[in-house]
Amino acid sequence: MIPRECRRLVEVDFPVAEVSRHASREKSIQHGHPSTLHRWWARRPLASCRAVLLGLLLPDPCDPLCPEWFKQKARRLIMRVRCVGEDSESLRRALLGFIADFSRWENSADPVFLGVARGLVQAAYPDSPPLVVDPFAGGGSIPLEALRVGCEAFGSDLNPVACLILKVLLEYIPRYGRDRLRIPTANGGREEVDGLAEAVRRVGTLVNARVERELAEFYPPDPDGAIPIAYLWARTVRCEAPNCGAEIPLARSFWLSKRAGRRWALRYRVERPKGRPPEVVFEVFQPKTEADVPKGTVSRGNATCPACETVLRVERVRAQLVQQRGGADVAFDEKGQRIGGARLLAVVTLRPGEQGRHYRLPTERDYEAAWKAQQRLADVIGKWKRGGKKGLCPVPDEPLPFVSGVFNASLYGMRTWGDLFTARQKLTLVTLTHVVRELPASVPEAVRLAMALAVNKCADYLSSLCFWNVSLEKSTQTFPRQVLPIVWDFVEACGSSGGAPLADQIGWIARVVDTWPGSPAGRVQIADATELPLPRSAASIWFTDPPYYDAVPYADLSDFFFVWLKRMLVGHPLLRDPFDPANPLTPKERELCQMARLDPGRNAHKGQVFFEEGMARAFSEGRRVLRDDGIGTVIFAHKNPEGWEAFLSGLIRGGWTVTASWPITTERWVRLRARNSAALAASVHMVIRPRPKDAPAGDWSKVLRELRRRVGGWMDRFQREGIRGADLVFACTARAMEIFSRYSRVETGDGRRVTLAEFLERVWEAVRRAALQQVLAAADGARALEDDARLMAMFLWTLQRKATSGYALAHDVAHRFAQPLGIRLPEWEGRVIETKNGVVRLLTIRERARVLFGRKGADIVAHRIEGTTPGTAELKVARGATTLDRVHTAMILQAAGRTNAVQAMIRSEVERGPDFLRLANALSALYPRGSEERRLVEAILVAAPR
């Protein structure tokens, strides 16, 4: 075995840049990737999990305690894929290179790479495979990669939906992926097929055929043979202006397709029939320019009437939609004639023998199909009521919560989970759940669960919160982000052959099964991370990705899927709250998320203290189940220092010490959260070991000296690896924990105990100081930046807060700072600073817009920031620019929503040299936390190429 004192490879070095590249790219990989099995939020990339896991499992060959037998076996194995010298340093480099190469998706199932990885693990653990434990397993990335490299894996989660995903991914796919399975046939017989993937395809074909028969009249083809694949709807409200009363279709945009050569849109005219309210009449056309397409009717919740241009305020829009229970359904009279509710704007079709999508206006046949679906759904619910309401209501009637900033659909009248769907969508999902529930007993459990996951994937595409992507000409899912907002104009999607999209989803699941290279099965159990069903000292590796404070309300989000699962898999042991049998939804009370801010009504008690204490118990439990010679890793990513403090406090109280940490870029800039925000791109992977019981007390002065000595090196290393902005600050924060957490406590000279919060403040101060040094006098021969950048850096370093009038210093103070740097304040008057009444003030970002773009350009930016006009085409830099000018230009463009311009500018600046990113990195550390300037500069750093 590896000696306990021997350092693991990940504790000394890690290929951050290479693994980051593969991890961020992985989000664009679809076919066969395990993430396509079922939706789970904030799932970690397999690439980073695989790489870190190997680094944890393998000893560092340069460590004096590394067994010689391991080095000999490792050298023989690694020579299958790369050259390696005879010395230990060469072997270390070769192992790190292999980890980087193996993190590439295309190599993850390659027999040669797989054989080397499993051989290395066996060399490190010759007696028996090591057990990897993940108590917050979620989507299963960590335990799945443990199985891939030859470990035993235990994955648990408190959430039933997560556990069902884990059951299929970690147990059923490895166990039955290559086995022969007996399944029913269409004529009532049974047949034997090769492997789980083929069984899923065959049973899926039977289920799909039955569902298509039952739903055929509700998804009719066009008379000319064209197949509708999407119905584009808008919720509607009535104009409340006197003498108007027109119906307002709530549409963000009237574009249908923006594909090159296939640009389609809607335009309208207003007809004014005598004695009736005005009517909006649409037509489909091919616009030549953006200006040809009319503006949308809704912005920030306010609706503009197309007939009289009166603005209906958001409060009135909300009140009218509440009366319609969200407004996703059409209102019909007793004869089936539309009288209100959702309005069908256009229908997307596929024509036999023709390429591309086609767009047409709705017909009476389209509305008739929707009316029939309402009638049939009423019959289904009526039958359930007449039968004494036995069992669950066919349509989910569990309450839909309001979660600030996450779930706002309930504000518009959607009170239950069923209200998120149109009548036809509800009927489709009710039919699907019924057919899966009634599958013959001869269907293997693995196939049955795969069918349930396929239906859930259908639900993700079958809600009134999906919208039409005009650039890709396809429907989005309900969860492109981890929120449930109101969607004004939504898409009712069908499968590629019309009807329910079940066949498409079955194909995705079968490809996941096909892609898995084979392994022993893992173990899955629903469990609280603070009370694991494992004996003491069972695990060799404790590797987990816990909730990120208040970032993702997993339990509330997963209820979207849970309500359908429990109607398909009635009585399944995983689909329950093990701590509250009366709870009809997923467990909330024990979930380790800070929910007091998001949902104070239900979760006022789940604040920072709740999260911190819960994490401390989970870390303590991790220590209990870990072997004496074991090691762990915990992942965290949050841009709120409060979240970091609570998380790190739990780690220290749980008895762990940080021995290394690596920021790995796991997100792409194009993801929705990053486009207009400073969302983090990197996740910090902290390597941890149990802190010795006899750990000494630390001296505060020595801790501070070590911190100041090392922080510059951390920043240099991580910046070379492409880590920037807020990611860089928090990466250094995690590294600093190596110093603080090694002690049982840290004390000042007079015996006062230093708190974690106090230490973290010193860490952020040290990072700011190092950032300032980068601006004032760059190291390694790089030139210092221009005077305006150095002046701004000095201001921000001195203040670290923002007054209502901006950043300001007394003139004498500013002069004393500027003079030693050779900066003459008058040269920057009106360009960067303004001096009045003995006070020097930095110009605000809007004032800088006037300097850079002129008055007209500044007005355009101001209007765009305020949301009053979308136009920024006239923005042009007014004169030659310094590095600070160019950084501020990018920030202004970011604020104005010019994301393409920001990307183009960053590419140009990277080609120009390092100064732009060097200054942007420094400013991201120097601007005060929570300031708009810091948000903007972090957002442009997220967009920078890695």
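Helices here are DSSP runs of H or I, at least four residues, numbered from the N terminus. The model shown in these close-ups is predicted.

**View A. Leu95 sits in helix 4.** That helix covers residues 88-102. Leu95 has 0% relative accessibility, so Leu95 counts as buried. Buried means under 20% relative accessible area. Leaving aside residues up to four places away in sequence, Leu95 touches Leu9, Leu58, Pro61, Ile78 and Leu120. Arg850 is 755 residues from Leu95 in sequence. The C-alpha atoms of Leu95 and Arg850 are 54 Å apart in space.

**View B. Val52 lies in helix 2.** Helix 2 spans residues 46-57. With 2% relative accessibility, Val52 counts as buried. Val52 touches Phe14, Phe543, Thr633, Ile664 and His685, again without residues up to four places away in sequence. Thr289 is 237 residues from Val52 along the chain. Between the C-alpha atoms of Val52 and Thr289 the separation is 50 Å.

**View C. Phe14 belongs to the largest nonpolar core.** This core holds 298 residues. Phe14, Leu420, Met686 and Phe759 touch the most other members. Beyond residues up to four places away in sequence, Phe14 touches Val19, Ala51, Val52, Leu96, Ile99, Trp662, Ile664, Arg717 and Glu721. A second core is separate and has 22 residues. Phe254, Val280, Cys466 and Val491 are among its members. In soluble globular proteins, nonpolar side chains tend to be buried together.

**View D. Arg360 and Asp222 form a salt bridge through their side chains.** The N to O distance is 2.8 Å. Arg360 lies in strand 17 (residues 358-360). Asp222 lies in the loop between helix 8 (195-215) and strand 5 (227-234). The pair therefore ties together parts that are 138 residues apart in sequence. Are Arg360 and Asp222 buried or exposed? Arg360 is buried, and Asp222 is buried too. Across the model, the count comes to 68 salt bridges.

**View E. Glu398 pairs with Arg567 in a salt bridge.** The closest N and O atoms are 3.1 Å apart. Glu398 lies in the loop between helix 10 (364-386) and helix 11 (423-437). Arg567 lies in helix 14 (residues 554-568). Glu398 has 5% relative accessibility and counts as buried. Arg567 is buried, with a relative accessible area of 3%.

**View F. Arg934 and Glu938 make a salt bridge inside helix 28.** The closest N and O atoms are 3.1 Å apart. Arg934 counts as buried at 10% relative accessibility. Glu938 counts as buried at 9%. Elsewhere, salt bridges with shared partners join Glu706, Arg710, Arg735, Glu738 and Arg742 into one network.

**View G. Helix 19 packs against helix 20.** Helix 19 covers residues 700-720, and helix 20 covers residues 725-740. Their axes are 9 Å apart, at an angle of about 140°. That angle makes helix 19 oblique to helix 20. The crossing of helix 19 and helix 20 is right-handed. Helix 19 brings Val703, Glu706, Leu707, Arg710, Trp714, Met715, Phe718 and Gln719 to the contact. Helix 20 brings Leu728, Ala731, Cys732, Arg735, Ala736, Glu738 and Ile739.

**View H. Helix 12 crosses helix 14.** Helix 12 covers residues 445-461. How do the axes of helix 12 and helix 14 lie, and at roughly what angle do they cross? They come within 10 Å and cross at roughly 140°. Angles over 145 degrees count as roughly antiparallel, and 65 to 115 as roughly perpendicular. Helix 12 and helix 14 are therefore oblique to each other. Their crossing is right-handed. On the helix 12 side, Ala452, Val455, Asn456, Ala459 and Asp460 meet the partner helix. On the helix 14 side, the residues are Phe560, Phe561, Trp564, Leu565 and Met568.

Notes: Residues are numbered from 1 along each chain as its sequence is written. This is a predicted model: local features need pLDDT of at least 70, side-chain atom pairs count only at pLDDT 80 or more; totals for chains, interfaces and linings use all residues. Side-chain values use heavy atoms; hydrogens and water are left out. A salt bridge is a side-chain nitrogen of Lys or Arg within 4 Å of a carboxyl oxygen of Asp or Glu. Helices (H or I, at least four residues) and strands (E, at least two) are DSSP runs, numbered from the N terminus. Buried means under 20% relative accessible area, exposed over 50%, partly exposed in between (1.4 Å probe, protein chains only). A nonpolar core is a set of buried Ala, Val, Leu, Ile, Met, Phe, Trp, Tyr and Cys residues joined through side-chain atoms within 4.5 Å. Contact means heavy atoms within 4.5 Å. Axes are lines fitted to C-alpha atoms, for helices over the stretch in contact, and angles run from 0 to 180 degrees between N-to-C directions. Angles under 35 degrees count as roughly parallel, over 145 as roughly antiparallel, 65 to 115 as roughly perpendicular and the rest as oblique. A crossing is left-handed if the near helix is turned anticlockwise from the far one by less than a right angle, and right-handed if clockwise.
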